[in-house]
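The tour goes from the whole chain to single side chains.

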Amino acid sequence: MEKLDACIRNHDKEIEKMCNFHHQGFVDAITELLKVRTDAEKLKVQVTDTNRRFQDAGKEVIVQTEDIIRCRIQQRNITMVVEKLQLCLPVLEMYSKLKEQMSAKRYYSALKTMEQLENVFFPRVSQYRFCQLMIENLPKLREDIKEISMSDLKDFLESIRKHSDKIGETAMKQAQQQKTFSVVLQKQNNIKFGKNVYINDRIPEERNEVELKYGFEEEDENEEEVLTVQDLVDFSPVYRCLHIHSVLGDEETFENYYRKQRKKQARLVLQPQSNMHETVDGYRRYFTQIVGFFVVEDHILHVTQGLVTRAYTDELWNMALSKIIAVLRAHSSYCTDPDLVLELKNLIVIFADTLQGYGFPVNRLFDLLFEIRDQYNETLLKKWAGVFRDIFEEDNYSPIPIVNEEEYKVVISKFPFQDPDLEKQSFPKKFPMSQSVPHIYIQVKEFIYASLKFSESLHRSSTEIDDMLRKSTNLLLTRTLSSCLLNLIRKPHIGLTELVQIIINTTHLEQACKYLEDFITNITNISQETVHTTRLYGLSTFKDARHAAEGEIYTKLNQKIDEFVQLADYDWTMSEPDGRASGYLMDLINFLRSIFQVFTHLPGKVAQTACMSACQHLSTSLMQMLLDNELKQISMGAVQQFNLDVIQCELFASSEPVPGFQGDTLQLAFIDLRQLLDLFMVWDWSTYLADYGQPASKYLRVNPNTALTLLEKMKDTSKKNNIFAQFRKNDRDKQKLIETVVKQLRSLVNGMSQHT
């Protein structure tokens, strides 16, 4: 503060010095001003006078000036008008541009022009009448644009409805080409790394290629350009309509309308034709339309914002998928041609792969394919049933003759037959099986190939494919082939020779089952030692067929014996025998010898059982012939003749027509007849009656009722033929003996009945 006070004092001193320095000048100025006042008054008078003269002289100038002012006002008005016109001209030009855009159908640009007019140009000239007219006309133009855009949208929807199949066909072609490329690439990789898709088991060359034929006709095989959905469909109406409604603020209404119309079209697309199942073209047209529909929706989803959403497309796809599965399940059930079912499967696979490429879930379609696979197997089984029947009809049921090495190799190439003994034999020689065996084996392999075709492209593991092939092959063996064999065995024209050959054939087919298992293993690369690997049921299948054939052999052999026995023409009242066996019986024995010679190719037990069954049936038939109720009388000569026939039967049994019998086992088939005839031949009734019921009885197998029946027939014959019996003592004694034995036998039979 002291420094400040000192500074102030210094400034005051400076001011005081300044004032003292200029004071004299100020005094001089005042003095000069006083001198000037007189001159100023004189100047005022002169100025006033000069002003008056100027006023008088400027009256004309004023008049000219007013004219100039009026001109200036006019110029200003003109300038203002020009400015207003310049302000209105852009509005008029924009409105004219709007009209041109409307005429050129550039509606989105027209809406943008309207928006610019309303926001920029109209506020500048809103006070003018023409502007009001324009403003009032804009809503009508907007409605016109909305109606026109909706009309274009309707035309677009109608167009894509008509061209959906073309869009879908193109999309499915692209998916097919991509998948084929992937398969070829994978195969090249497998070859590169040493992985065999099919191991050689005489698999035809064409089988080594994965076939993906879906029946699409290529318009230009050399066409390199890849068509897209944009190339096939003009989406501009949708874009324009969407933009127009977006500008109009009515986007939600447009979205609802579009979705509603597309849902209607989806229902129409999903509606199948009534005869769709008759040809593959019907299925292809159905699939391409659906693919085209959803390809368009997927494109709309990705190129527009909010018109369709993922949730909307998923909902639409789920609805469509349920309908598609129901339609395919219903129509595929009418398919009886396996080729058509296979083509349908291929179409479903490429259909599913195509839509999966667009992000739609298709697992349910592959689940449906497993249902169709079962139906495909059923159609295959029906087809192969016809194939097997034709093979059996064309077979001659004779061993395959071969005259040279070439023919031998041809048969071996078709059927895996191994027999060192046959290989050592010189030509000509014969395979034990007939022609149907290699044909059946080849057809089973063809069935496996056909079944494999369906398993391809199902995105399943090799283990699952292996299981499918084995199960379907088991069905072929246990149901189809077994049924065909049983039907064949029961056919009337199949004789004993054919039945023998059928048994031999089934034996070799059963042995070939292991080669079929190896064949499936080579295809799928799944080892048979795998825990869950299904085995083929060939053993039980062919064993059942053999048992049926064996039973049929026994039946037909007995029927043949019956035919010979029916030829018997005994004179039951003859007095003396012919001295030789009956002709029918010798023919029967010769037939049995020849047929049992054929049986040497059968398993030993089968031939022995057939031989024993034939002898037992012959013995039973001969016994029934003696005891026939229609045979009322029989002479001793007839019994002796009948005994000669039985002796021939016993000689045949002892000649061992089929090797393997122990001792006199086969002769025991005639033991009942032999003991009965011995009883009547030696007339040893006392021994029979005395030993009856004893385990060591000589006539243990003679039933008293049987002996009584035959004895009564002989008694009646004695009465009729021996008219003079009362005159011959021997005849009278014999007649009394017969009556006595008859009484004793009756009492024995009655006693047995009471005991029972």
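The stops below start with the whole chain and then move to helices, a surface patch and salt bridges.

**Ground rules.** This is a predicted model, in which local features need pLDDT of at least 70 and side-chain atom pairs count only at pLDDT 80 or more, while totals for chains, interfaces and linings use all residues. Residues are numbered from 1 along each chain as its sequence is written, and side-chain values use heavy atoms, with hydrogens and water left out.

**Whole chain.** Colour by secondary structure. The chain has 23 helices and two strands. Both are DSSP runs, numbered from the N terminus: helices are H or I with at least four residues, strands are E with at least two. Now colour by burial. Of the 756 residues in the chain, 42% are buried. Buried means under 20% relative accessible area, exposed means over 50%, and partly exposed lies in between (1.4 Å probe, protein chains only). Show the surface. Turn to contacts (heavy atoms within 4.5 Å). Among those with a separation of 6 or more, 80% join residues 24 or more positions apart.

**Surface patch.** Select Phe26, Val27, Ile30, Leu33, Leu34 and Val36. They make a nonpolar surface patch of about 550 Å². Patch residues have over 30% relative accessible area and no salt bridge; nonpolar side chains (Val, Leu, Ile, Met, Phe, Trp, Tyr) are joined within 5 Å, like charges within 9 Å. Zoom in on Val36, in helix H1 (residues 2-103). Its relative accessibility is 39%, so Val36 counts as partly exposed.

**Helix H5.** Select residues 236-248. H5 has 13 residues and reaches 18 Å from its first C-alpha to its last, close to the 18 Å expected at 1.5 Å a residue. The expected span is 1.5 Å times one less than the number of residues. Which residues of H5 are buried? They are Pro237, Val238, Cys241, Leu242, Ile244 and His245. These lie on the same side of H5 because they cover an arc of only 165 degrees around the axis. The arc is that of the directions from the helix axis to the C-beta atoms. Step on to Gly249, which follows H5 and has a positive phi, near 75 degrees.

**Helix H13.** Select Leu452, in H13 (residues 436-455). At 7% relative accessibility, Leu452 counts as buried.

**Salt bridges.** The whole structure holds 22 salt bridges. Each is a side-chain nitrogen of Lys or Arg within 4 Å of a carboxyl oxygen of Asp or Glu.

- Glu118 and Arg142: the closest N and O atoms are 2.7 Å apart. The pair links helix H2 (residues 107-121) to helix H3 (residues 129-192), 24 residues apart. Glu118 is partly exposed at 31%.
- Arg284 and Asp281: 2.4 Å, N to O. They are three residues apart in helix H7 (residues 280-303), so about one helical turn separates them. Arg284 is buried at 14% relative accessibility, and Asp281 is partly exposed at 41%.
- Arg674 and Glu650: 2.8 Å, N to O. Arg674 lies in helix H20 (residues 671-682) and Glu650 in helix H19 (residues 636-654), so the pair ties together parts 24 residues apart in sequence. Both residues are buried.
- Asp49, Arg52 and Arg53: a network of salt bridges links them.

Note on methods:
Accessible areas come from the Shrake-Rupley method with a 1.4 Å probe; for residues, only the protein chains shown count as cover.
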